[in-house]
Amino acid sequence: MGKIKASYLFKRIEEKIPPNLALDNDKIGLTDRTGDCDFEVEKVLVLMDYLSPGAGDFTDYDSYDLLILHHPPAEKPPLPAYVIHSNWDIVRGGACDALADCLNVISEEVLDENTGLGRIGTLKCGPVPLSEFCRDVMEKLGINFIRTVNYRGDVMIERISLVSGFGLKNPGLIEKAQQKGADLFLSGDLVHSCAVAAKNSGFVLLDASHYATELPGLYKLGRVIEGLGVKANVIDTKIPWTVIH
C-alpha cells in the first residue's frame, strides 16, 4: 500500500465500476466537481452514508485522505468525497451479487434487464422452509427482525429474487420478480402501497432493510478499493434509527 494520485484512483475505480451503468440522475462521482483531483490518497474511508461529526459515533475524518460513499451525502463532508451508488448496485460482481453470495444464492439472471438491477437465483442448499430462510437471512445480515408480506413459515422456497437497498418501494421490480417465477422478493424500503399489492397477489415479500441488504456490498466495495493500492477502511455505521417495542 502506498500513496497514489486521486485522479488515477478515480480512473481505476471507473474502469471497474463504470459510471455509465448508473441510473438517470444518480449523483455519483466526486461530490465537488470543481475540486482538485491532483491530491494524493493513502487512506480511504468507505461508508454507506456520510454522518456529520456529532451525528454518529464516528467522527475521525481527519485520519483519511478520501471518503468513498455508497449514498450521495445530504451535506458537504469535511474531506473530498466520491460516490459509487447505483453503478455499484448494477455492475456484475457489485452490491446485488454480494448480497446473493452472502445469502448463498446462486445468481442466474438479472431481475430488470432494462437497468441491470437485481438478481434471481436458487439457493445453494436447495429448497428450505421460509422460516428457515428468514432465520438465515437475519443471522447473515446481522438483523433481529424482517418485515414480511404473505409469510407462511412452512412454505418451501428455493428461487430467490433480490435487490440490494430500495427494491421494495418499486412496484415494477416486485412485478418482475413475480413474473419471473421467484418464490419471494427480498430487499429493503417496503412501502404501504407495495405491501398491499403483494398481499392481494399472494406474492411473498421480505424487507430486511435498505441498510442491511447493502452492507455485504459495502464490504466488497472496500476490498475492491484496497485492491487498487490504497488502504481502505470500511466502517459499519449501523441502521440510522432505533425500533422501540
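V243 sits in the segment that follows strand β15, residues 231-234. The model is predicted. V243 has a relative accessible area of 39% and is therefore partly exposed. That value lies between the 20% and 50% limits that separate buried from exposed residues. Together with F145 and W241, V243 makes a nonpolar surface patch of about 310 Å².

Now turn to the charged side chains. How many salt bridges does a search of the whole structure find? The search gives 13.

D97 and R119 form a salt bridge, and their closest N and O atoms are 3.0 Å apart. D97 belongs to helix α3, residues 95-102, while R119 belongs to strand β8, residues 119-123; the pair therefore ties together parts that lie 22 residues apart in sequence. Are these two partners buried or exposed? Both D97 and R119 are buried.

The next salt bridge joins K176 to D112, with 3.9 Å between the closest N and O atoms. This pair links distant parts of the chain, 64 residues apart. K176 is in helix α5, residues 171-179, and D112 is in the loop between β7, residues 105-110, and β8. K176 has 24% relative accessibility, so K176 counts as partly exposed. D112 has 9% relative accessibility, so D112 counts as buried. The cut-off for buried is under 20%.

A further salt bridge brings together the side chains of K180 and E113, at 2.4 Å from N to O. Where do these two residues lie? K180 is in the loop between α5 and β13, residues 184-187, and E113 is in the loop between β7 and β8. The pair therefore ties together parts 67 residues apart in sequence. K180 is partly exposed, because its relative accessible area is 21%. E113 is exposed, because its relative accessible area is 53%. Salt bridges with shared partners join E108, E109, E113, R159 and K180 into one network.

Return to the loop between β7 and β8. D112 lies there and pairs with K176 of helix α5. E113 lies there as well, and its salt-bridge partner is K180.

Terms used
Residues are numbered from 1 along each chain as its sequence is written. This is a predicted model: local features need pLDDT of at least 70, side-chain atom pairs count only at pLDDT 80 or more; totals for chains, interfaces and linings use all residues. Side-chain values use heavy atoms; hydrogens and water are left out. Patches are made of residues with over 30% relative accessible area and no salt bridge: like charges are joined within 9 Å, nonpolar side chains (Val, Leu, Ile, Met, Phe, Trp, Tyr) within 5 Å. Accessible areas come from the Shrake-Rupley method with a 1.4 Å probe; for residues, only the protein chains shown count as cover. A salt bridge is a side-chain nitrogen of Lys or Arg within 4 Å of a carboxyl oxygen of Asp or Glu. Helices (H or I, at least four residues) and strands (E, at least two) are DSSP runs, numbered from the N terminus. Buried means under 20% relative accessible area, exposed over 50%, partly exposed in between (1.4 Å probe, protein chains only).
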